[in-house]
Amino acid sequence: MNNFNKRIDLHTHSKYSDGSFTPKEVVRMAKEAGLSAIALTDHDTHAGIKEAKEEAEKLGIHFIPGVELSTKFKEGSFAKTDIHILCLNFDLQNEKFNKNLEKIREDRHNINLKIIEAFKAEGIELKYEEILEKAGVGVVMKVHFVEVLIDKGYASSHEEAFKRFFSGPIPTNIVSRVLEPRECIEIIKNSGGLSFLAHPFRYKMDTGALIDELTSLGIDGVEVIYPTHSEEDTEFLMQKAKENNLMMTGGSDFHGASRERITLGCVNVPYSFIEDYFL
Ligand SMILES: [Zn+2]
Ligand SMILES: [Zn+2]
């Protein structure tokens with residue numbers, strides 16, 4: 001197959017954060033979907049990378065280590081906005097990077113306790129142990145709360161539970177407050193990785209201005225291809241990347257059960273994206 005026909009997926013999640021499959025399964029599914037390269041980008045952890053990499057080597061599919069980092073602007077025109085930054089192809093052993101991942105996860109733990117309190121105030125008793133059990137090896141995230149709520153009969157689907165509880169009475173703001181985008185970009189650079197703004201249209205902000213701001217902070221690129229993007233969205237982002245001299249990435253943001261309609265490689269991400277920066 002020539003490189004023009006090859007497709008890749010650079011945004012996926014496993015059980016180590018809020019996905020429903022093991023890293024090994026994700027890589028196998030990528031192979032079955034006919035993808036030539038895949039990045040595993042779990043939230044705030046790289047615990048699944050080793051397993052995924054080994055499987056990818058076995059199956060002969062190009063693997064790129066990744067993490068999706070939770071950050072928040074503290075001041076300026078985007079103050080209080082939570083931003084996800086995808087980090088690709090970094091050094092897993094980098095001490096500063098790993099210390100910061102730990103800090104983010106600690107912060108998540110504190111926020112989880114607050115969410116349990118918020119549910120209590122709504123008359124719903126949730127035990128942290130139940131949530132931890134659902135998360136298993138993974139970083140505890142909203143989806144694990146949602147699964148416990150479904151088990152307890154408070155909702156019949158992920159979609160219903162997210163809508164009912166996390167866009168109403170329970171604070172949705174569970175993303176880390178520890179790292180600012182500026183620090184996050186710096187830590188990624190320092191670890192030899194590349195930083196990309198994930199799903200740029202999900203923040204309900206002036207997307208162009210947000211990309212300009214992150215460009216000034218030294219971000220390497222932007223996720224131009226994403227399942228919810230319209231053709232115009234993608235075109236806008238590609239144009240913006242060109243103007244700001246940014247690299248481009250793309251992926252499905254595959255999770256499994258919590259987003260049933262999203263499959264691996266469901267968006268058409270060209271192989272040329274990684275040829276530009278990894279090969
Ligand atoms: Zn994200
Ligand atoms: Zn994601």
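Two strands count as paired if DSSP finds at least two bridges between them, and strands here are DSSP runs (E, at least two residues), while helices are H or I runs of at least four, both numbered from the N terminus. Keep that handy for this tour.

Before you click, some housekeeping. This is a predicted model, where local features need pLDDT of at least 70, side-chain atom pairs count only at pLDDT 80 or more, and totals for chains, interfaces and linings use all residues. Residues are numbered from 1 along each chain as its sequence is written, with chains lettered from A and ligands numbered from 1 in the order in which they are written.

**Stop 1: the whole chain**

Show everything as a cartoon: you're looking at 10 helices and 8 strands. The C-alpha atoms fill a box of roughly 55 × 45 × 40 Å along the principal axes. Buried residues (20 or more other C-beta atoms within 10 Å of their own, with C-beta atoms placed from the backbone; exposed means 12 or fewer, partly exposed in between) make up 44% of the 279 residues.

**Stop 2: strand β4**

Select residues 82-88, which form strand β4. Of its 7 residues, 6 are buried, so β4 is largely enclosed by the rest of the structure.

Which residue in β5 is the bridge partner of Cys-87? Click Ser-195, and there you have the partner. Val-67 also stands opposite Cys-87.

**Stop 3: the nonpolar core**

A nonpolar core is a set of buried Ala, Val, Leu, Ile, Met, Phe, Trp, Tyr and Cys residues joined through C-beta atoms within 7 Å. The largest one has 57 residues, and Ile-8, Ile-38, Ile-85, Leu-197 and Val-222 touch the most other members. Strand β4 gives the most to this core, with 5 residues. Apart from it lies another core, of 12 residues, among them Tyr-16, Ala-135, Val-146 and Ala-161.

**Stop 4: two helices**

Finally, select α1 (residues 23-32) and α2 (residues 49-59): they pack at an angle of about 35°, with their axes 8 Å apart. (Axes are lines fitted to C-alpha atoms over the stretch in contact, and angles run from 0 to 180 degrees between N-to-C directions.) Contact means C-beta atoms, placed from the backbone, within 7 Å. Including Val-27 and Lys-31, residues of α1 meet a set in α2 that includes Ala-52 and Leu-59.

Definitions and conventions: Two residues are in contact if their C-beta atoms, placed from the backbone, lie within 7 Å.
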